[in-house]
Structure formats: C-alpha cells, structure tokens
Amino acid sequence: MARTACRLAAAVAATLAFGPFGAVMALEPPATWIPFWPNTDFSVHGVPLDEILNGGVPKDAVPAIDGPEMISVAEKALPGREPVLVLELEGEAARAYPLRYLTWHEIVNDRVGDRPVVATFCPLCNSALVFDGRWQGRELSFGVSGKLRHSDMVMYDRQTESWWQQFTGEAIVGEMTGATLTVLPSWLEDWAGFAARHPEGRVMAEPTGWSRDYGKNPYAGYDSTYVPFLYRGEGPPHGIAPLARVVRVGDKAWPLERLREAGELREAGIRLVWSAGQASALDTRRIADGRDVGTVRAFELESGEPAVSEVVFAFAFHAFEPNGTWMLGD
C-alpha cells in the first residue's frame, strides 16, 4: 500500500524489529521524543513506553480539523454508500462526519451547542469514536501525535501535550495519565441512510486549505490483508482473522459476519441490528466503491437507548480487551 510504504520509509531512523505477524516495528528510545515534545512529562505513564511506536509521520503531519463548517443535509452531495460517523445528541440536530474527511484528518474538534466534542477515526483499527472534549470541567482539544500503540492512533491534547489512546479514550503518557474521556454513542452509517433519517441534520463540509483527494482511500485493500500495520501483539483467538470486523460493546465482541447472517441479535443486554448499504472505507481506491459491510446499530435491550459501540478490527479488540468475551453463538 502506498501510504504504508511512505510511513515505513519515513521511519528509517528508528530501530527496526519484527513482530509475530512479520510486520516491521518502528521502535524509538523515549529519549528521542523529548526534543519534539518538550511539554510532555514522560516520567508519568500508564503503559510501557516501548509499546508506543513511530507511525512514520511526525506530530500533526496528519492535521486535525478545528471548528469544522457544518452545513445542511440538503446542501451536501455525497455518494449514498459512503460511510459517515453519526452523532445524535438530545436537543441538537444530528451530525455526520464523512469518513472521506476523517480518513485524511483522523480528528475533528467540534462543538455541539455548548459541548466540545472530538470525532475520531483510526483507519488502521477501523475505530471510529466521538468523545466529550471535557475532563473534569476542563476543555481539551486534540491533535495527531504520529505515534501508534497496538496499531491504534495516539492522540495528544494541546493543553498539556499528554498522549491519549484513541481506542480507549484514556491518557497514557504525561500529566493527564489515567484520565479517561467520556465516549458518546455514535456509529458509522451510509450517507443515504443518515440523510433519509435526518433531512434537517447537519454534515461536515469539505475542509479547505488542504491538498487532499477526498473520497480516495489511501489504505486501498487494507481490510483484506492478514497483517495489521505496526502491530506486534498476538492475533485474536478462535481462528478469527486479525482484520475481520467485530462489533464492540464494552468488553464484548460479536463477529460482524454472525450479525450479518442473523440480521438482528439480542444478547447480553444488547440488541444489535445490521442493515445493508454502507461501503467499506478501507477496501477499494474510491471509498464509494468499497464492498458492502453494512451499518450496525446497538441498543440497550432494557431501555432501548443507543449503546456505546463501534465496528472494529478483531486484532484491535483483542489487544485492548485481552480478557474480553467473544460472542460467537452456539
């Protein structure tokens, strides 16, 4: 893949090793970080520092978007199958963040009413999450560090330059270590489905000032490979392929193929529903042409309220939930 090759080429100054999948590891002594991160307190960390790898690009080389322009659904023309990250907050118009933008920028610092929100997407883990941008009353904004842990994006907050794990929302290095952002219920949905449900909704407009081929997938073919990029952990159990998609709800994971075949599952207090129509953002060169992976909605079975969930790659769930429960059915 072109982008993988570019990242590896940019990491030539790092010490190289090999993980169990044969992927090249870009290892860096933490001392080399200090000149580039003078405000980060590396003496405080919640994970082993040698788990954090150089992703091949420097800080902010993947530029986060701040204060995106949000326009009406009627003003936006997108291919109907393209995925958007959906956020629905009570009392506010529903919002959609197209993956054609998040794939290139990975973080969007936005505000919904008086609430700061942080929309994120890590293509290497297929992890799309929206966080409340406050911690204990303090507003934070985030950028892309260029580092990876378990192949997942490491974010940093601009206020303290602490490092945060995107998959968990937890600060893992620096002053904020141990703090955890609140995850807001969100999900990936096909644009046509979102527009039909929310004709009065808002959608992120195309960012300006950046030379990006929005709509193109720079990770073409990634979700059909066997080897995760810059991952040295063990593969998922039960013979599940590392880059197979699973539905993650807390510490439980349902194979997407199982849900696709059933259409609906009611287990462990959760109702899961699958519907066709959403293209994979990590398949073909143009996102809109990707194979159909469908849209998943998760609800609390008792209340009917949306549950915090996402569709991620199996290796990432196993890396961050090694003792998690795999909901494989009979």
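Entry 1: I started at F167, which is buried with a relative accessible area of 1%. My cut-offs: buried is under 20% relative accessible area, exposed is over 50%, and partly exposed is in between (1.4 Å probe, protein chains only). A note on what I am looking at: this is a predicted model, where local features need pLDDT of at least 70, side-chain atom pairs count only at pLDDT 80 or more, and totals for chains, interfaces and linings use all residues. Residues are numbered from 1 along each chain as its sequence is written, and side-chain values use heavy atoms, with hydrogens and water left out.

What does F167 pair with? Its partner is F320, in a stacked aromatic pair with 4.7 Å between the centres and 15° between the planes. For rings of Phe, Tyr and Trp (its six-membered ring), I call it a pair if the centres lie within 6.5 Å; planes under 30 degrees apart are stacked, over 60 edge-to-face, and the rest tilted. F320 also counts as buried, at 14% relative accessibility. Helices (H or I, at least four residues) and strands (E, at least two) are DSSP runs here, numbered from the N terminus.

Entry 2: I then looked up the total and got 13 aromatic pairs in the structure. W37 and Y156 have ring centres 5.1 Å apart and planes at 80°, so I logged this pair as edge-to-face. This pair also links distant parts of the chain: W37 sits in the loop between β2 (24-27) and β3 (52-54), and Y156 in strand β14 (residues 152-157), 119 residues apart. Both W37 and Y156 are buried. Which cluster do they belong to? W33, W37, F42, Y156 and W163 form one aromatic cluster.

I checked for charges over rings too, meaning NZ of Lys or CZ of Arg within 6 Å of the ring centre and within 35 degrees of the ring normal. K59 lies over the face of Y156, 5.1 Å from the ring centre. R297 has its charged end over the ring of W187, at 3.6 Å from the centre.

Entry 3: Strand β6 (residues 83-87) runs antiparallel to β18, and five bridges join them. I count two strands as paired if DSSP finds at least two bridges between them. These strands belong to an open five-stranded sheet with mixed pairing, in the order β5-β19-β7-β6-β18. At the edges stand β5 (70-72) and β18 (186-190), each with a single partner strand, so one side of each has no neighbour in the sheet.

Entry 4: Buried or exposed, what are the residues of β9 mostly? Strand β9 (residues 115-122) has seven of its eight residues buried. On one hand, strand β8 (residues 107-112) pairs with β9 in the antiparallel sense over six bridges, with R111 opposite P116. Their hairpin has two residues between the strands, and G113 in the turn has a positive phi of about 65°. On the other, six bridges join β9 to the antiparallel strand β10 (residues 127-132), where A128 is the bridge partner of F121. That hairpin has four residues between its strands, with a positive phi of about 55° at N126 in the turn.

**Entry 5: S280.** I found S280 in the loop between β23 (270-275) and β24 (295-300), and it counts as buried at 1% relative accessibility. Its side chain makes a polar contact of 3.0 Å with the side chain of R245. By polar contact I mean a pair of N or O atoms within 3.5 Å; within protein, one must be able to donate a hydrogen and the other to accept it, and residues adjacent in sequence count only if both atoms are side-chain atoms. A polar atom of the S280 side chain also lies 3.1 Å from the backbone nitrogen of L282. Beyond four places in sequence, S280 touches D223, R245, I287, G290, R291 and V293, with contact meaning heavy atoms within 4.5 Å.

**Entry 6: E264.** Last stop: E264, in strand β22 (residues 264-267), is partly exposed at 31% relative accessible area. Its side chain joins that of R266 in a polar contact of 2.9 Å.
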